[in-house]
Amino acid sequence: MSEKHRPQPLTARGFLPAIMAILCSVSLAGCSMSFWKVAEAAEESTIEPAADGDAAESNDANPVDEAAAASSGENSPEPVAEIPAERDTVSGTARPTKAVSVELQLETLRTSLSRTASYRNLRTRKARSSFTKEASLQIDLGLAAVDAILSAPNAELDACQEAWKGRLTLLNRGEYLKLPAFGDRLDEAVSAATALPEFREEAEYGSGLVLVNRLFKSGKLQETLEHLQTHARDFPDGASSARLFLTFARNCGEQGKFGAGILCCNLALWQLNNHPDIGAVRNLLENLQAGRTVDPSQDKVQQLLQKEVAVLRHELPIKIDKVTTCTSITTAYHAVTYSFRVTLSPSFVTANQDKIRESVTQMARTTFQTQHLLGQGVSLHYVYFDSDGQELLRFTVTK
């Protein structure tokens with residue numbers, strides 16, 4: 001242990017940092033495990049199928065780099081002005097007044113998708129305002145191109161499918177940018193696509209957008225669970241149906257809301273008992289019931305934590321200063337328990353327990369090593385005993 005981490009002789013003030021010294025030895029530097037990112041990465045292949053060739057951007061349901069999925073990129077051609085169209089009074093879609101070049105309209109759609117792909121990466125209010133103005137124009141161009149494609153008598157099915165996915169993607173981006181009425185328009189488009197058998201995959205994708213981007217982080221548990229069940233009923237064999245339940249249930253568990261995660265899994269078992277991915281739901285349910293989100297054998301954070309603690313155990317007991325000794329370090333799931341023996345009088349510890357708890361908590365949340373542990377969802381438990389083994393103080397620090 002480095003000298004700079006060693007405390008001053010134990011006084012009422014010096015006792016506080018002393019008990020933190022042992023924590024600096026347990027470091028998981030370099031481990032960037034994040035369960036939501038893993039869950040979100042899993043969604044990339046389930047909420048929507050991968051696009052082929054120049055197909056439209058395909059991972060709006062997840063906060064990942066969408067530019068890689070947009071077909072045109074920076075070298076896309078300038079938007080092609082849409083052909084003047086009149087509005088069909090029955091369907092509400094544009095009916096072209098003359099022949100439509102489907103390929104040109106697809107290029108317009110792809111350009112719109114490419115130029116609005118960075119809609120999540122807006123760090124300042126000024127940047128958001130500037131981007132939103134340009135994005136609004138690009139979205140309108142893209143949606144006009146979609147209307148033209150879907151109204152063209154010469155449009156092939158794959159072009160229409162790409163157009164539907166593009167429509168849902170652009171409406172989702174408009175809702176994210178808080179453009180007027182885009183949330184309602186997205187809901188209407190999802191309902192319309194769901195009613196068309198040839199666009200079932202696109203409808204499933206749109207429903208997934210609403211769940212992941214609007215509801216999963218809204219805090220509205222009942223509304224989210226109801227929408228998950230509706231999604232499962234509409235797409236009982238869909239690639240995303242079980243995995244959306246999994247994603248939300250795991251997210252609940254990572255927030256410590258194990259009851260909500262368990263309820264979500266049980267609803268999935270009820271709605272999708274014959275789905276090919278239902279085994280994963282049962283496995284997650286068992287883990288949530290045990291107070292964790294993944295099997296310890298598959299948890300990189302837990303594996304590294306146990307490895308680090310195993311090394312430290314060989315050095316026990318570790319004398320922190322003249323009156324403080326770390327006698328035990330144990331691990332549980334995403335948790336470390338430190339046991340200290342102090343030779344101070346019990347009355348001294350009792351009188352200063354609030355100061356001890358406050359100081360240790362502040363240090364744990366600001367020291368790099370322990371801050372990193374807390375950021376990975378690890379709980380730090382502290383227990384202090386007197387020389388006779390009687391417990392004097394116990395508390396827990398979390399993120």
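**View 1. Lys 178 sits in the loop between α5 (157–176) and α6 (182–194).** Welcome to the first close-up, taken from a predicted model. What is the phi of Lys 178 near? Phi here is near 65°, a positive value in a residue other than glycine. Most residues other than glycine have a negative phi. Lys 178 counts as exposed because its relative accessibility is 70%, and the cut-off for that class is over 50%.

View 2. Is Ala 181 exposed, partly exposed or buried? With a relative accessibility of 49%, Ala 181 counts as partly exposed.

**View 3. Helix α8 (residues 221–234) packs with helix α10 (residues 258–271).** Two packed helices are described by the angle between their axes and the distance between the axes. For α8 and α10 the angle is about 20°, and the axes are 10 Å apart. That angle makes α8 roughly parallel to α10, since angles under 35 degrees fall in that class. The crossing of α8 past α10 is right-handed. To find the contact from the α8 side, look for Leu 221, Leu 225, Leu 228, Gln 229, Ala 232 and Arg 233. Their partners in α10 are Ala 260, Leu 263, Cys 264, Leu 267, Trp 270 and Gln 271.

**View 4. Helix α7 (residues 200–215) crosses α8 at roughly 170°.** The axes of α7 and α8 come within 11 Å.

**View 5. A cis peptide bond joins Leu 316 to Pro 317.** Omega for this bond is near -10°. Most peptide bonds are trans. Where does Pro 317 lie? Pro 317 belongs to the loop between α12 (300–313) and β3 (318–319).

**View 6. Glu 107 of helix α3 (residues 102–115) is shown with Gly 142.** In sequence, Glu 107 and Gly 142 are 35 residues apart. In space, their C-alpha atoms are 9.2 Å apart. Glu 107 counts as partly exposed because its relative accessibility is 23%.

**View 7. The whole protein, with a word on confidence, puts the close-ups in context.** The protein has 399 residues, of which 49% count as buried. Its secondary structure comes to 15 helices and seven strands. Of the contacts between residues at least 6 apart in sequence, 63% join residues at least 24 apart. The protein exposes about 19,600 Å², with carbon and sulfur atoms supplying 50% of that area. The average pLDDT is 77, and 74% of the residues score at least 70. Over residues 1–59, however, the pLDDT is below 50, although the model gives this stretch 162 contacts beyond near neighbours in sequence. Residues 94–98 also stay under 50, with 16 contacts beyond four places in sequence. Where pLDDT is low, the predicted coordinates should not be read in detail.

Terms used: Residues are numbered from 1 along each chain as its sequence is written. This is a predicted model: local features need pLDDT of at least 70, side-chain atom pairs count only at pLDDT 80 or more; totals for chains, interfaces and linings use all residues. Side-chain values use heavy atoms; hydrogens and water are left out. Helices (H or I, at least four residues) and strands (E, at least two) are DSSP runs, numbered from the N terminus. Buried means under 20% relative accessible area, exposed over 50%, partly exposed in between (1.4 Å probe, protein chains only). Contact means heavy atoms within 4.5 Å. Accessible areas come from the Shrake-Rupley method with a 1.4 Å probe; for residues, only the protein chains shown count as cover. pLDDT is the predictor's confidence in each residue, from 0 to 100. Axes are lines fitted to C-alpha atoms, for helices over the stretch in contact, and angles run from 0 to 180 degrees between N-to-C directions. Angles under 35 degrees count as roughly parallel, over 145 as roughly antiparallel, 65 to 115 as roughly perpendicular and the rest as oblique. A crossing is left-handed if the near helix is turned anticlockwise from the far one by less than a right angle, and right-handed if clockwise.
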